[in-house]
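My notes follow the sequence and structure.

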Amino acid sequence: MKTCLLVGLTAALLLAACKKDNPDPDGLVVATQEGKNTGDFLLNGSPYGPGRSSAYPGKAVSAFWSKIRGARQVTIVLGRIYDKDQTVLNIVLTPITRPSVFNIADGVSPVIVSGNKSYIAYEITHPGQARYFLTSPTALGRVEVTRYDTVAHVISGTFVAKLREYQGPDSLVITKGRFDCTF
């Protein structure tokens, strides 16, 4: 009996110590605005962290800047690969010139993506099979860019979205999303 009580107390103390290191109750990374190449979100209520096995090795979260039809566009990528399975979340913001809020209602296709629309897309790839979840007029997203620094090349912010499966019945809910990366 004393052994069980001691084991229980030790486990409780370890859990309390872990919570002090990460103040977010869901275990998500602390939101920063320093270009730390971090980010994560809750996917249907469960933490999604890109971690070490990112789709883009070297960075858990990455971003790149491009110019499409004269408009500045930033794409933020959070991805991970496990064995042969891969998941990738792309947040495409256009046009972007300063910190601002993007209320995303545009529909896109995973095959033909218009270069002048902001959108959020989540892809699940298994060998021989891919599923795409996208924003649309009935599946909305919201991205708040809190830092967009073209001198230091840093973009930071938060996001939420409801994504619908392209040519499928399912949907996904993303909450508490955050990103802080260089581009």
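Which residues form one aromatic cluster? I find that F41, Y48, Y122, F159 and F179 form it.

I note that this is a predicted model, in which local features need pLDDT of at least 70 and side-chain atom pairs count only at pLDDT 80 or more, while totals for chains, interfaces and linings use all residues. Residues are numbered from 1 along each chain as its sequence is written, and side-chain values use heavy atoms, with hydrogens and water left out.

For the rings, I took Phe, Tyr and Trp (its six-membered ring) as paired if their centres lie within 6.5 Å, with planes under 30 degrees apart counted as stacked, over 60 as edge-to-face and the rest as tilted. The count comes to 5 aromatic pairs. In one of them, the ring centres of F41 and Y48 are 4.5 Å apart and the planes lie at 15°, so I list the pair as stacked. Both F41 and Y48 are buried (under 20% relative accessible area, with a 1.4 Å probe and protein chains only).

I then turned to S118, which sits in the loop between strand 6 (101-104) and strand 7 (119-126), strands being DSSP runs of E of at least two residues, numbered from the N terminus. S118 has a relative accessible area of 9% and is therefore buried. Its side chain reaches the backbone oxygen of T94 at 2.9 Å. Leaving aside neighbours within four places in sequence, S118 is in contact (heavy atoms within 4.5 Å) with V92, L93, T94, F102, I104 and D106.

Notes. Buried < 20%, exposed > 50% of the residue type's maximum accessible area, 1.4 Å probe, protein only. Helix = DSSP H or I, 4+ residues; strand = E, 2+ residues; numbered from the N terminus. Polar contact = N/O pair within 3.5 Å; in protein donor to acceptor, adjacent residues only side chain to side chain.
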